Amino acid sequence: MSGRAWGAEIQSREEKFEIKRQAVLRAAASLFRDKGTERTTLSDIADVLPDAKPTVYYYFRNKEEVLLALIEAAVSEFTDPALHPEDYPLAPNTSGADRLERFVR
């Protein structure tokens with residue numbers, strides 16, 4: 001059993017924070033894809049979420065922070081050795097050129 005009074009049935013504050021943060025990122029990714037990053041504002045992101053604009057600012061200070069979080073998530077996804085072992089750039093016994101090729105691939 002977890003260390004929480006209600007066990008795993010009730011989400012912790014950190015879990016709720018991450019769920020809402022991920023919702024902001026999903027909304028932003030969709031808008032960035034549809035409208036482009038330049039034409040998407042934090043207000044646009046807030047408009048597709050159930051919460052108001054101040055909530056978006058609670059998770060991210062600006063659009064650049066949202067974009068950086070999306071890039072970090074994408075990079076960590078495709079460099080995860082468990083998901084893509086053939087493309088993992090830090091595999092042992094790989095040269096610099098091999099690492100770059102794996103990363104780009």
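User: Taking helices to be DSSP runs (H or I) of at least four residues, numbered from the N terminus, about how many helical turns separate Glu18 and Arg21 in helix H1 of this predicted model?

Analyst: An α-helix has 3.6 residues a turn, so residues three or four places apart point the same way. Glu18 and Arg21 lie 3 residues apart in helix H1, and the separation between them is therefore about one helical turn.

User: What is the N to O distance at which the side chains of Glu18 and Arg21 meet?

Analyst: Side chains of opposite charge can pair when their charged atoms come close. Glu18 counts as partly exposed at 33% relative accessibility, and Arg21 is also partly exposed, with a relative accessible area of 21%. Their side chains meet in a salt bridge, for which the N to O distance is 3.9 Å.

User: Are Arg33 and Asp34, which form a salt bridge with each other, buried or exposed?

Analyst: The closest N and O atoms of this Arg33 and Asp34 pair are 3.7 Å apart. A residue counts as exposed when its relative accessible area is over 50%. Because Arg33 has a relative accessible area of 61% and Asp34 has one of 54%, both partners are exposed.

User: How far apart are the end C-alpha atoms of helix H1, and what span should its residues give?

Analyst: Helix H1 covers residues 13-35, which makes 23 residues. The expected span is 1.5 Å times one less than the number of residues, so H1 should span 33 Å. The end C-alpha atoms agree with that expectation, the distance between them being 33 Å.

User: Which helices do the buried residues of H1 pack against?

Analyst: On H1, the buried residues are Val24, Leu25, Ala27, Ala28, Leu31 and Phe32. Ile45 touches several of these, among them Val24, Ala27, Ala28 and Leu31. Taken together, the buried residues of H1 pack against helices H2 (42-47), H3 (53-59) and H4 (63-78).

User: Which element gives the largest share of the largest nonpolar core?

Analyst: This core has 15 residues, of which Val24, Ile45, Leu49, Val56, Phe60 and Val66 touch the most other members. The elements that contribute two or more residues to the core are H1, H2, H3 and H4. The largest share amounts to 6 residues, and the element that supplies it is H1.

User: Which residue, just after H1, takes a positive phi?

Analyst: Helix H1 runs over residues 13-35. Just after H1, a positive phi of about 95° is taken by Gly36.

Conventions. Residues are numbered from 1 along each chain as its sequence is written. This is a predicted model: local features need pLDDT of at least 70, side-chain atom pairs count only at pLDDT 80 or more; totals for chains, interfaces and linings use all residues. Side-chain values use heavy atoms; hydrogens and water are left out. Buried means under 20% relative accessible area, exposed over 50%, partly exposed in between (1.4 Å probe, protein chains only). Contact means heavy atoms within 4.5 Å. A nonpolar core is a set of buried Ala, Val, Leu, Ile, Met, Phe, Trp, Tyr and Cys residues joined through side-chain atoms within 4.5 Å. A salt bridge is a side-chain nitrogen of Lys or Arg within 4 Å of a carboxyl oxygen of Asp or Glu.
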